[in-house]
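Here is a short note to read alongside the structure. Please keep the view open as you go through the points.

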Amino acid sequence: MGILNVTLDSFSDGGRYARYDDAIAHARSLVADGADIIDVGGESTRPGAARVEVHEEQRRVIPVIRELAALGFRISIDTMNAATAFAAVEAGADIVNDVSGGLADPNMAQVVVDTDATYIAMHWRGHSDTMNSRAVYGDAVAEVKAELFQRVAELVVQGVDPDRLVIDPGLGFAKRAEHNWQLLGHLAELSEIGLPVLVAASRKRFLGALLPEEAGVGERDPATAVISALSAQAGAWGVRVHDVATTRAALDVWDAWQKGSRA
Ligand code: PMM
């Protein structure tokens, strides 16, 4: 999954693809690099980010989705807003990627039911202005797994088809570095919920902490690609990344390695 942030303030690429032409060109290059899905977002979720009005979010993403759908790309809409999810599916998206797992907007589950979209439910404890104070766990893996399981159960009660659900541990959302590493190290345990797992570590701060202090955000891409390969090894369904080419290479290596092991 290649990331297309049509935003002004995302932490690693805010402002770069806010113009329509730049957004389309970037999506094309992500697909050329090997992305299977383009994840289009119009609202930054980085820590401390200001909320964006729903009409502004839709003004950013809907024309882009319409064009990418016309090009035949598979699209997910990265939104917490049910109205934006609905408009995006109407415009051609077939996956709704909700970092709040349906907690931010009470109408989200109904939109998923009505549109038959695939739904990515991320582990979430609150909006970005409060999430750092919520990064408190006794056992991060057990608690994230239990909270995700509970969320999935509630979505299913609301009518969402479990065959259309994907779960995501929500790296960096109400999680400190050690929590992210514990979740990655126990990724296979999340799969025990019985749903496909998406991993979205790309360029996040906990990777930067492994690099020299002066390293730029883009220099986190090799570390991201290693996470992609290790996630594949742990059984992940997908990885959501900014730099598709490097992750593609890592996944191709993993794939060839697998084939070698079976030969
Ligand atoms: N992280 C961000 C945005 N969307 N979606 C999912 N499913 N999981 C994530 O961890 C996630 C996400 C924030 O990163 P960005 O600003 O680079 O898009």
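The points below look at the ligand and then at an aromatic pair.

1. A word on the source: this is a predicted model, in which local features need pLDDT of at least 70, side-chain atom pairs count only at pLDDT 80 or more, and totals for chains, interfaces and linings use all residues. Residues are numbered from 1 along each chain as its sequence is written, and side-chain values use heavy atoms, with hydrogens and water left out.

2. Start with the ligand, which 15 residues surround, each with a heavy atom within 4 Å of it. The closest are D78, N97, D168, K204 and R240. By class, this shell has seven nonpolar, four polar and four charged residues; Asp, Glu, Lys and Arg count as charged, Ala, Val, Leu, Ile, Met, Phe, Trp, Tyr, Cys and Pro as nonpolar, and the others, Gly among them, as polar.

3. Next, look at the nitrogen atoms of the ligand. An N or O atom in the side chain of D78 is 2.8 Å from a ligand nitrogen. For N97, a polar side-chain atom lies 2.7 Å from a nitrogen atom of the ligand, and for D168 the distance from such an atom to a ligand nitrogen is 2.7 Å.

4. Now for the aromatic rings: the structure holds one aromatic pair. The ring centres of W181 and F206 are 5.0 Å apart and the planes are at 70°, so the pair is edge-to-face (centres within 6.5 Å, planes over 60 degrees apart, with the six-membered ring used for Trp).

Notes:
Polar contact = N/O pair within 3.5 Å; in protein donor to acceptor, adjacent residues only side chain to side chain. Phe/Tyr/Trp six-rings, centres within 6.5 Å; stacked < 30°, edge-to-face > 60°.
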